[in-house]
Amino acid sequence: MITGKLSNGFKYEVDDEAITSVEFRELIAGTMSKDNQEKIVANSKLLEFLIGEDKKNELYALIRKKLGKKYTPVEEVDKCTIEIMKAVEEQNIQAKNSESSPK
């Protein structure tokens, strides 16, 4: 399990197996779409896939509360998704390095 804390204080967990799945790759591909609408939907689905629906909703609520907004700004969710993805990538690299280091 990959755990972390976003810069806004939100704590999350990501299942290790999720990031090596075909579903993950399909969602990543969707985030690279040239169609902005598709990209927004894919980012939301990716976030939910990584941290689960309940935690996604908690994150949305935290963002709205911190910003004093009625609705959750897309840009803020994108920032959080990117932050999670960077942390997942970093922890993945560290895990691979520790596996390949001589014992």
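**Close-up views of the core and the salt bridges**

Three salt bridges are found in this structure, which is a predicted model.

**View 1. The largest nonpolar core holds 21 residues.** Tyr-12, Val-14, Leu-50, Ile-51 and Ile-84 are the members that touch the most others in this core. Two or more residues come from each of strand S2 (11-14) and helices H1 (22-31), H2 (36-51), H3 (53-67) and H4 (74-100). Helix H4 gives the most, with five residues.

**View 2. Here are the neighbours of Val-14.** Leaving aside residues up to four places away in sequence, Val-14 touches Met-1, Ile-2, Ile-19, Leu-50, Ile-51, Ile-84 and Val-88.

**View 3. Lys-56 and Glu-48 join in a salt bridge.** Their side chains meet at 2.8 Å, N to O.

**View 4. Lys-55 pairs with Glu-58 in a salt bridge.** The closest N and O atoms are 3.4 Å apart. Lys-55 and Glu-58 are separated by about one helical turn because they lie three residues apart in helix H3. Lys-55 is partly exposed, with 28% relative accessibility, and Glu-58 is also partly exposed, with 41%.

**View 5. Helix H4 carries both Lys-79 and Glu-76.** The side chains of Lys-79 and Glu-76 form a salt bridge of 3.2 Å, N to O. Along the helix, Lys-79 and Glu-76 sit three residues apart, about one turn. Glu-76 is partly exposed, with a relative accessible area of 23%.

Note on methods:
Residues are numbered from 1 along each chain as its sequence is written. This is a predicted model: local features need pLDDT of at least 70, side-chain atom pairs count only at pLDDT 80 or more; totals for chains, interfaces and linings use all residues. Side-chain values use heavy atoms; hydrogens and water are left out. A nonpolar core is a set of buried Ala, Val, Leu, Ile, Met, Phe, Trp, Tyr and Cys residues joined through side-chain atoms within 4.5 Å. Buried means under 20% relative accessible area, exposed over 50%, partly exposed in between (1.4 Å probe, protein chains only). Helices (H or I, at least four residues) and strands (E, at least two) are DSSP runs, numbered from the N terminus. Contact means heavy atoms within 4.5 Å. A salt bridge is a side-chain nitrogen of Lys or Arg within 4 Å of a carboxyl oxygen of Asp or Glu.
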